[in-house]
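Good morning, and thank you for coming.

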Amino acid sequence: MPDWGFPDFDDHEGVHLFTDPVSGLRAVIAVHSTALGPAAGGVRYWYYADSSAAITDALRLSRGMSYKNAMAGLPIGGGKGVVLAPRPHDTISTAQLEAFGRAVESLGGRYVTAEDVGMSEARMKVIASQTRYVSGLPVAEGSAGGDPGPSTALGIYLGVRAAAKRALGVDSMAGVHVAVQGVGSVGSGLVRRLAKDGAKLTLADVNADKAAALAAELGADTVPADEILALPADIFSPNALGAILTESSIPQLQCKVVAGGANNQLATRLDGPRLHARGILYAPDYVINAGGIINVGLEYLGQGDRAEVEARIAKIPERLEQVWEESERSGDPESEVADRIAQRLIGRG
């Protein structure tokens, strides 16, 4: 299989590069698979060291969306959009949002975009002024759709509870120590639910003030962002950016479970076996964090309401159990088992 110089190229159906000189837009849209339906996945606005890093991120994220959507039982494929910020902490402009909307429209429905890092419901509305192929827009109360963050957090919470039961043998999170990396929209939603259950929480975020404020609200502890991964805890929950589980970081883990919402937590495909060799139970990211795409996917498809969204999110622990049980039977890492199941679902197994 040719990789075109990108090891994460996985027979993607299309990788599209867009520029708009007037607005300054530079964007990548990667379509991994449309076997089950239009390639759906959010768009993120992020600063990358170079364009190759942005393309690699789009390749990895779009493949993950194919697997996530298939494992969630949605009739949609996998894609991802990335808009390159010229400098760290820049804010995307209205003109760039409009230009990205036109780029999405030019693909004629092969890719459906939604909210991700650096975006918001308001920004998705601007994109929607230029294309029909967008989801995650503001919706009426009780309807499917809108901000995917709370739905993602709900699924991760249910997955963390399932992982705690399997690895720790507990039916309650009371007293279970969870080290949480990242307290943005998803991470904060997770920790608020865990706090209500009586979990012992240690929080970390690159924005230390944000972590401190949330910790004060919930009675949690904090540590610096560079210390959370190696903190002794029952569960490590990564909810920031990906590629944090590496050959050098995995030996530092002092936990029994890794279960969190960050996409592409494993830096390479070799890191799943490394994690498994240490006896740490892993909740594959695209299985546990599917709540958001379930929400906006059903919105785009016009299938069901908020109750249907939550009913489907409630099935996330069952899918994790399927992965864990097959891993236990076969002796293969959870990451490889999940990939095999997803590949079969999209006709690549």
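Let us start with glycine 182, which counts as buried because its relative accessibility is 4%, below the cut-off of 20%. Please keep in mind that we are looking at a predicted model. Glycine 182 sits in the loop between strand 7 (177-181) and helix 5 (185-196). Leaving aside residues up to four places away in sequence, glycine 182 touches Gly187, Ala204, Asp205, Asn239 and Ala240.

Valine 183 lies in the loop between strand 7 and helix 5. With a relative accessibility of 3%, valine 183 therefore counts as buried. Its contacts, again without residues up to four places away in sequence, are Ser188, Leu203, Ala204, Asp205, Lys210, Ala211 and Leu214. In the UniProt record, an unreviewed entry, the annotation "binding site" covers Gly182, Val183, Gly184, Ser185, Val186 and Gly187.

Which residues touch the most other members of the largest nonpolar core? They are Phe100, Met173, Leu194 and Leu203, in a core of 82 residues. Helix 4 (residues 149-168) supplies the largest share of this core, eight residues. At least three residues come from each of domain 1 (14-129) and domain 2 (148-346). Another core, of 17 residues, lies apart from it and includes Ile244, Leu245, Cys255 and Tyr282.

Let us now turn to strand 5. Is this strand, residues 77-85, mostly covered or mostly open? It is mostly covered, as nine of its nine residues are buried. In a regular strand, side chains alternate between the two faces of the sheet. Here Gly77, Gly79, Gly81, Val83 and Ala85 point one way from strand 5, while Gly78, Lys80, Val82 and Leu84 point the other way.

Which way do the partners of strand 5 run? Strand 2 (residues 25-33) runs antiparallel to strand 5 and is joined to it by six bridges; in this pairing, alanine 27 stands opposite valine 83. Strand 3 (residues 39-40) runs parallel to strand 5, with two bridges, and alanine 40 has glycine 78 as its bridge partner. Strand 4 (residues 43-47) also runs parallel to strand 5, with five bridges, and valine 43 stands opposite glycine 81. Finally, strand 4, helix 1 (residues 51-71) and strand 5 together make a right-handed β-α-β unit.

Thank you for your attention.

Terms used: Residues are numbered from 1 along each chain as its sequence is written. This is a predicted model: local features need pLDDT of at least 70, side-chain atom pairs count only at pLDDT 80 or more; totals for chains, interfaces and linings use all residues. Side-chain values use heavy atoms; hydrogens and water are left out. A nonpolar core is a set of buried Ala, Val, Leu, Ile, Met, Phe, Trp, Tyr and Cys residues joined through side-chain atoms within 4.5 Å. Buried means under 20% relative accessible area, exposed over 50%, partly exposed in between (1.4 Å probe, protein chains only). Helices (H or I, at least four residues) and strands (E, at least two) are DSSP runs, numbered from the N terminus. Domain bounds come from an automatic or database domain assignment. Two strands pair if DSSP finds at least two bridges between them. A crossover is right-handed if, with the strands pointing away from the viewer, the path from the first strand over the helix to the second runs clockwise. UniProt positions are given in the numbering used here, feature names are shortened, and annotations may be inferred rather than shown by experiment. Contact means heavy atoms within 4.5 Å.
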